[in-house]
Amino acid sequence: MYRRSTGEKIFAVFNTIFLILLCMIFFLPVWHVAMGSISDPLKVAATSGLYIKPVGKVTLGGYRLILQNSTILRAYGNTIIYVVAATTFGLILNILAAYVMSTKGLMFGKAFALFVVFTMIFNGGLVPTFMVVNKLGMMDTRWALIIPGALSAYNIIIMRTSFSEIPREMLDAASIDGASEFKILTSIILPVSKSIIAVIILFYAVQHWNAWFNAALYLQKSRDLYPLQLTLREIVLQATENSIVADADGQDVMIYRPLIKYATIMISIIPMMVLYPFVQKYFVSGVMIGAVKG
Amino acid sequence: MSSIKTVTKKKSFGQRLKIEIKNHWQMYLLALPVVLYFFIFNYAPMFGIAMAFEKYQVKKGILGSQFVGLSHFQRFFTSPYFWRLLKNTLLISFYGLLFSFPLPIIFALCLNEVRNGKFKKVVQTISYLPYFISVVVVVSILFDFGKANGLITNIASLFGWSGGAVISSAKWFRSLYIGSNLWQHLGYNSIIFISALAAVDPTLYEAARIDGANRWKQTLHVTLPGIASTIIVLLILRLGQIMGVGYEKIILMYGPSTYETADVISSYVYRVGILDADYSYSTAVNLFNSLANMIVLFTANFISRKVNETSIW
């Protein structure tokens, strides 16, 4: 180890302070919402600025209110259905596509790769896609949030890269033994690809958990199929907490109204925050493959 | 199975096809669902682009509607909105690039100087956190901070701002849009640079140190050249997306009071196409945007290949 000069030591101090400040900027907005959600509802709206600690007396009234609310609970349930179904469907197709793309020596292998990659560069656009989904009879059904948007060429390429690194000898040995391609995929490739599968599940699950636009586009008449993000948009951005208030009753509702938006934001991000530390290492490795190949 | 491949050389296309199918039919069967999927959801809509050249009527369908040539494009180029949309799209991209490109690099460099591994890990973990938050939530927080007595409005009024809630001010739209993007993606965008930094050969630092270079000189002469190719490739990639400002966040954030600076081509496509149901015109505007996008992207890739011998695909 070599000795650091005075200038470098000073730099190290400033650098540490800078990074701590940056972390606060990343973290404080979320903290603000968390503190807002447990603040005194009568004082919170009148208090401006950042909530470093709860304003007034701590209360869980906001959470109690939204957890009793059928609109929000149904939206939460819908989101879980969409995430599980769309991720499963997308993952299966993703694995098939990646397997075909990673197989060398196919006559139409190049054409297939081009067919997949081209979807990243050009698309029919908003209205034509909307019309196809409409023609398929998916409007105002759950299918509209599960099938379209389930498969991403980007994720296929990430998985293909990982599959290509599996030693050929393993696959050749199996095909000499007469195993079918499907058998090779399920009994040789998938068992050694657990971490890339975790990455892809993570990417799809985050995408579907956070998605709102397709719901706004395809569920124009079916409010009871709304995912959480779209309900959140209505409550917070279109200021329709009245509709939430309207289908509950009692005095509580009027009192805790200012907390609804904070509490709803919190319940939408808590699952991500809880899951995140466990999946972080997969996440970073996935982004790295994607950055190199994308 | 693979021994058959060697004798396929001089066969006709039909014969080769037969052998290919005989050898690999299982593979093509596995590919079939994927081909169908992309065909239905990505390629079938491309036929719908024909609407851009028609006076599309739902009753008559794409094949039966009247052909009107380039009149929708003409309408767009001569519309009072055209320059505003183009300007907003390019400015949001350009300013976005100006901040969101160098800052992740600087962040990665700062992180690279940290000796304490644990601290480094914590900073990284916190910096990726916003990436997992949905756009709806980010914009919700932005509305909370940008309301009349919100944090950002308060800070702005310390510096003489008196226009009320910043979130409904056209003057503030770009700053808020780009600032919140930066908040959400800074950590995520730094990942690739952090990994590029980790790949710089440690013996180069050793050599520089022996030559008497201090930390700053090492950064300038070892670190930066070491990640220069990553920087260039990513810069070109980002330049290729300059026409591609997405609508999802814009339409959550904007309102009639901010259209002047907020409305971009893609949000206009959404408003005209979905909300006003002017299908043909919207498709034409979108086609213009996609083509412009593609031209920029291919140009960027071409330059990348010339400059760096690293093409994006």
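In this predicted model, the contact between the two chains takes in 96 residues of chain A and 89 residues of chain B. Put together, chain A and chain B bury about 8,300 Å², with 77% of that area on carbon and sulfur atoms. The make-up of the chain A side goes along with this: its residues that touch chain B split into 69 nonpolar, 21 polar and 6 charged. As for where they come from, helix 1 of chain A hands over the largest share, 16 residues.

Polar links across the chain A and chain B interface do turn up. The count comes to 20 residue pairs in polar contact, both partners at pLDDT 80 or more.

Within chain A, the domain assignment gives domain 1, residues 1-59, and domain 2, residues 69-294. The centres of these two domains of chain A, taken over C-alpha atoms, are 32 Å apart. Their contact draws on 11 residues from domain 1 and 9 residues from domain 2. Between them the two domains of chain A bury about 860 Å², 82% of it on carbon and sulfur atoms. On the domain 1 side, A:V33, A:S37 and A:P41 lose the most area to domain 2, and together they make up 51% of what that side buries.

Helix 1 (6-37) and helix 2 (41-44) of chain A each put at least two residues into the side of domain 1 that touches domain 2. Helix 1 of chain A gives the most here, with 6 residues. Sorted by class, this side of domain 1 of chain A holds 6 nonpolar and 5 polar residues, and no charged ones. Across the interface of the two domains of chain A there are 0 salt bridges, and 0 residue pairs in polar contact show up with both residues at pLDDT 80 or more.

Then there are the aromatic rings. Over all chains, the structure has 42 aromatic pairs. One of them joins B:F101 and B:F193, whose ring centres are 6.3 Å apart and whose planes meet at 85 degrees, so the pair is edge-to-face. B:F101 is in the loop between helix 4 (81-100) and helix 5 (102-112) of chain B, while B:F193 belongs to helix 9 (residues 173-198) of chain B, so the pair ties together parts that lie 92 residues apart in sequence.

Notes: Residues are numbered from 1 along each chain as its sequence is written. Chains are lettered from A and ligands numbered from 1 in the order in which they are written. This is a predicted model: local features need pLDDT of at least 70, side-chain atom pairs count only at pLDDT 80 or more; totals for chains, interfaces and linings use all residues. Side-chain values use heavy atoms; hydrogens and water are left out. Domain bounds come from an automatic or database domain assignment. Contact means heavy atoms within 4.5 Å. Buried area is the accessible area (1.4 Å probe) that two parts lose on being put together, summed over both. A salt bridge is a side-chain nitrogen of Lys or Arg within 4 Å of a carboxyl oxygen of Asp or Glu. A polar contact is a pair of N or O atoms within 3.5 Å; within protein, one must be able to donate a hydrogen and the other to accept it, and residues adjacent in sequence count only if both atoms are side-chain atoms. Helices (H or I, at least four residues) and strands (E, at least two) are DSSP runs, numbered from the N terminus. Ala, Val, Leu, Ile, Met, Phe, Trp, Tyr, Cys and Pro count as nonpolar, Asp, Glu, Lys and Arg as charged, and the others, Gly among them, as polar. Rings of Phe, Tyr and Trp (its six-membered ring) pair if their centres lie within 6.5 Å; planes under 30 degrees apart count as stacked, over 60 as edge-to-face and the rest as tilted.
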